[in-house]
Amino acid sequence: MQKQEKPVKRVQAPCPVAEKCGGCKWIHKPYKEQLALKEKWVRELMEPYCKLEPIIGMEEPKHYRNKVHAVFGEDRKHNAISGIYQEGTHTIVSVDSCLIEDQKADAIIVSIRGLLKSFKIRPYNEDTGYGLLRHVLIRTGHVTGQIMVVLVLGSPVMPSKNNFVKALLKLHPEITTIVVNVNNRSTSMILGEKEQVIYGKGYIEDVLCGNTFRISPKSFYQVNPVQTEKLYGKALEFAALTGKETVVDAYCGTGTIGLIASDKAGKVIGVELNQDAVKDARINAKYNGVKNIQFYQNDAGKFLVEMASAGAKVDVVLMDPPRAGSDEAFLSSVVQIGPPKIVYISCNPQTLVRDLEYLKKKGYQVKKAVPVDMFPYTDLKHVEMVCLIEKKR
Ligand code: SAH
């Protein structure tokens, strides 16, 4: 008998440019499988320290990115194109919609591209230096619905600016602010120094765990707000504050975690290296009427060494370092201060376990840990962890 070939199931490609973009390495993996793989990876890493709570995934793991960027250019016939750079190159791949980006943001980018011709605005050409529009950046407030459009231009003068704003708002009345940013350098940075608000307030607001945050074109803000709420929610659950504690929020960025913790704490001390982030953090504190928080611009390690030598008393250290993890100056000072609880939020499980090893040797033990999936469809390593670490009695 002749062997019959199994019919090949044709799956519709979820994204036509996935290969060229390279952002979603897991585009073809069912979401359940992605979660299982991430959980397995961190479970193995965390084996020597503690058991894990089940990974927290997304119910709707699509269109979660609240920050969307498109680069503009021209095809050979001088038609405007917008999209992404092909991975590792400066060739623009045209993109109209993306599986993980906010859909309204994608639609606005397509509309902007459509308006260019009638306003005689040419996209910037990286090779010749001709043209005006280099990039469009869109940031959206998940809870507030506010939308910011940033037009990144190669030179400061935008012809018929007011009419362009009118035409864009007619198509998208949901836009709440439009900012022109000037970037005339040949650099891989998207945004330049100079900014001019041409419509609205120049920033948007969003709400995270009941607090309102101001987001400017350059502010750092987590890109997956749905999962960020779950992540911070877990951090607070693990901290189990009673209203009396002195809390350090280290690597605090724009102050999000510390501000969310502030109404359950006695006082909060935030420390962050980046001057702009500290400025935003102070604005955010005012915005939310939070009075029991103070932000310091400093290296977290140096700052904690000073706190330790001054004999400071701290009840809980919340820490959320960058991918490189923390350092010995910071960790040894934490040990010297000796808070009963540390809540470690990590975006890199590999440096997390390195730091846990240090703390374990110095009399701390990991009590609870939970992975949170922040970037569905991208790849294995994009998973965050929250750990509760306690001092052994
Ligand atoms: N907790 C914030 C930001 C976390 S990202 C949030 O969730 O939004 C990590 C932060 O650590 C960044 O803001 C970065 O600027 C800051 N950082 C990096 N190295 C640092 C250092 N040595 N000392 C203090 N902050 C540092």
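I took contact to mean heavy atoms within 4.5 Å. The model I examined is predicted.

**Entry 1. Domains.** I looked up the domain assignment of the protein, which gives domain 1 as 31-60 + 224-391 and domain 2 as 67-208. I then took the centres of the two domains over C-alpha atoms and found 34 Å between them.

**Entry 2. Contacts.** I asked how many residues of domain 1 are in contact with domain 2. I found 11 residues of domain 1 in contact with 8 residues of domain 2.

**Entry 3. Buried area.** Between domain 1 and domain 2, I noted a buried area of about 650 Å². Carbon and sulfur atoms give 75% of this area.

**Entry 4. Polar interactions.** I searched the interface of domain 1 and domain 2 for salt bridges and recorded 0 by the rule. For polar contact, I counted 1 residue pair between domain 1 and domain 2, with both residues at pLDDT 80 or more.

**Entry 5. The domain 1 side.** I checked which elements give two or more residues to the side of domain 1 that touches domain 2, and found α5 (225-239) and α6 (256-262). Of the elements on this side, α5 gives the most, with 5 residues. I also sorted the residues of this side by kind: 7 are nonpolar, 3 are polar and 1 is charged.

Key:
Residues numbered from 1 in each chain as written. Predicted model: local features only at pLDDT ≥ 70, side-chain atom pairs only at ≥ 80, totals over all residues. Heavy atoms only, no water. Domains from an automatic or database assignment. Buried area = accessible area lost by both parts, 1.4 Å probe. Salt bridge = Lys/Arg side-chain N within 4 Å of Asp/Glu carboxyl O. Polar contact = N/O pair within 3.5 Å; in protein donor to acceptor, adjacent residues only side chain to side chain. Helix = DSSP H or I, 4+ residues; strand = E, 2+ residues; numbered from the N terminus. Nonpolar A, V, L, I, M, F, W, Y, C, P; charged D, E, K, R; others polar.
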